[in-house]
Every structure is written in C-alpha cells, then in structure tokens.
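The points are grouped by topic.

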Amino acid sequence: MNNILLSIIPEKNNLEEIGLCYVGALLRDNGYDVSIFANSNPDIIYNHIEKLRPDMIGFTVYNMNYFQTLEISKKIKSNFPHILICLGGRKATDASIEILSECKEIDYVITGEGEYPMLELLNALKHDTPIDKIDNLTYRKNGKPVRNDDRPTLEDLDELPFAMRDILINERINTANIISSRGCTQQCSFCASSVFWKPNKTSKQWRGRNPDLVINEIKQIQNQSGTKFFKFLDCSFEDPDYNLERSMRLANKLLECKIDMAYMVQFRPDIYKKAQNNDQYMKTLLASGLSSVFIGIEAGNDADLKL
C-alpha cells in the first residue's frame, strides 16, 4: 500500500485541484509514492490508471463530475478489483453514506478536510490496524456504511506542506491556484462553505496562513513553473477582520518582495463598505498585482436575502 494516484475528472482540462494537491503533498512527505492526474476525458484517466496500476486511487467529486467518477470506478473495479477507491470533496462530504450504499465499487469516503484522514487510512491499511477511530472516514462494516465522527478542522494551516504542483508543471498551466486561508467568517444558509469548513461546534469557521509562508510558496511556484498568474481560492479574501488588516498585510508583503505577478481574488458584495474606511486598500491591492475580482452576488433583492 504505497503507490497512490490522486485524480479528478474536471469540466475542463488543466484543473489544478488544490485539495488533492494538499493531500498529495502530505502523503509524499510521509513516504508514499504519489502521482496526481487530471483530465476531462475519463478514457484518458482510465488509460493512465491502466499503466500505473496504483494500490489506491483518490478521486475528488463534485456534483458536476460525480456520475462520471462512478462510471470510471466501475470500469476500474471490473478490470482491477485489487485497486482500492476512495472519494473526497464536496459531494463526498454531503453524501458519504449514500455513496457507499449505492456504489459497491467505492471502498472509502473521506469527508471534510482530507489530508490527515487519508494519511491515517493509508497507514492503517498498510499496517493492518483498525480504521473505526479515523475521524472523517466513512467505510463499510459487515457490509453496511458507517460514518465515523467528524474531526475538528485543522487549526494551524501552516503545519501543512506546500501543495504539490505536479499538474501545474506537467500540464504547463499558466495560472496557479493558491490559498491564504480556509473557511469563511459568515454562515450563510445558502452556502456550502459553513457545512464543509465547520463540521462541528469545536471547529473554527475561518483559519488563515502566515503571510510569509504564502509569499514563500508563491516564490517557489514561480521558480518551479515560471507562472506569473495566481488565483486565490479563499472563500472571501477580505476575511477575517473588518479593517482588512490581514489582506492588506499580504498585499504589502508582495510589494516589499517585488514579486512580479497578477492575481485574482473572491470578495463578498459588502467589501465596498469595508473599503470605504480605508482609501489605500484597493490601491495597495492593485499595486501588488490584483487583476480580477469575483463578487459573490447573493440575491437580486432584499427579500431573498431574508429567506
């Protein structure tokens, strides 16, 4: 149990799935032989699997690629029954019991943050130890799905290694995905973020990385791939403080280090209220390389916001 493939069937090619990249980095740091592969054509992924013959495959699943992932899993199991298949991601988190109930080809499901649950699962399988205490794991016991307890979210993101960049480098993608935080300070009823990033009362809603480490990762990515384009996947880049200190600090760090880059961020619509109180905020972000902003439009009228 040492040869691990992490994969996703994206809507478009050249997707650097950041969650998989973090899982892969932790596994690789712990001695596992990890490869990561993404392609929108399931046949190409299957051919890759046929050549590699991994011990386990970890697929990230969303609603958009769920049924394609199940189909390829059936094909894998029919030809290589020894390969274990584990699902993770948003869809897996929402429906782990249903997935194992409906699809016998899936062996395990990881819910929520997957880095340490995946490592603990592989270690347990490798050393033939029990898996019933691995939080965030759903598995079968006597043929029936069992979902273990939810674990609190990881408090210190800085303990994780930098994400794997194999897809970025091998596929020559021109935009690198990166995070400076996980979670969101809000708990909007219509958004999946609070469900995924705050599975229980002991979990923190929002956690940020040390800006110095974010800068170091950007430098490393540029050295490895040469890319100048980055997309911050933070739920809301302006979090967690009303006076925007954290994101302002990160932008100033980019300026101090004279990093040549362009980047995209995501903001909530009320960012304008916060930015009104700091006339240097947007000017500093623009000077540091901000090129695009995605605004999460929540509703078209006040009535819908109160639903």
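K126 lies over the face of Y32, at 5.0 Å from the ring centre; a charge sits over a ring if NZ of Lys or CZ of Arg is within 6 Å of the ring centre and within 35 degrees of the ring normal. The model is predicted, so local features need pLDDT of at least 70 and side-chain atom pairs count only at pLDDT 80 or more, while totals for chains, interfaces and linings use all residues. Residues are numbered from 1 along each chain as its sequence is written, and side-chain values use heavy atoms, with hydrogens and water left out.

**The seven-stranded sheet**

- Seven strands form an open sheet in the order β2-β1-β3-β4-β5-β6-β7, and the pairing is mixed. Two strands pair if DSSP finds at least two bridges between them; strands (E, at least two residues) and helices (H or I, at least four residues) are DSSP runs, numbered from the N terminus.
- At the edges are β2 (33-38) and β7 (144-147), each of which pairs on one side only.
- Neighbouring strands of this sheet are turned by 25° against each other on average, direction ignored. Axes are lines fitted to C-alpha atoms, for helices over the stretch in contact, and angles run from 0 to 180 degrees between N-to-C directions.
- Strands β4 (residues 84-88) and β5 (residues 108-110) run parallel and are joined by two bridges. The bridge partner of L87 in β5 is V109.
- Helix α2 (residues 42-52) packs on the sheet, where it touches β1 (3-8), β2 and β3 (56-60). The direction of α2 makes about 180° with that of β1. Contact means heavy atoms within 4.5 Å.

- Buried means under 20% relative accessible area, exposed over 50%, and partly exposed in between (1.4 Å probe, protein chains only).
- In a regular strand the side chains alternate between the two faces of the sheet. From β3, M56, G58 and T60 point one way, whereas I57 and F59 point the other way.
- β3 pairs with β1 in the parallel sense over four bridges, and I57 is the bridge partner of L5.
- β3 also pairs with β4 in the parallel sense, over five bridges; M56 stands opposite L84 in β4.
- From β3 the chain crosses through helix α3 (residues 66-79) to β4, and this β-α-β crossover is right-handed. A crossover is right-handed if, with the strands pointing away from the viewer, the path from the first strand over the helix to the second runs clockwise.

**Aromatic pairs**

- A search of the whole structure finds six aromatic pairs. Rings of Phe, Tyr and Trp (its six-membered ring) pair if their centres lie within 6.5 Å; planes under 30 degrees apart count as stacked, over 60 as edge-to-face and the rest as tilted.
- The ring centres of Y66 and F67 are 5.2 Å apart with planes at 65°, so this pair is edge-to-face. Y66 is buried at 6% relative accessibility, whereas F67 is exposed at 61%.
- F232, F237, Y263 and F267 are linked by ring pairs into a cluster.

**Backbone exceptions**

- Most residues other than glycine have a negative phi, and most peptide bonds are trans.
- The peptide bond that joins D239 and P240 is cis, with omega about 5°. P240 lies in the loop between β11 (229-232) and α10 (245-256).
- L244, in the loop between β11 and α10, has a positive phi of about 65° although it is not a glycine. L244 is buried, at 0% relative accessibility.
- D128, in the loop between α6 (115-127) and β6 (137-141), has a positive phi of about 55° although it is not a glycine. D128 is exposed, with a relative accessible area of 73%.

**L254 in helix α10**

- L254 is found in helix α10 and is buried, with a relative accessible area of 3%.
- Not counting residues up to four places away in sequence, L254 touches I215, I218, I259, M261, Y263 and S288.
- L254 and F80 are 174 residues apart in sequence and 48 Å apart in space, C-alpha to C-alpha.
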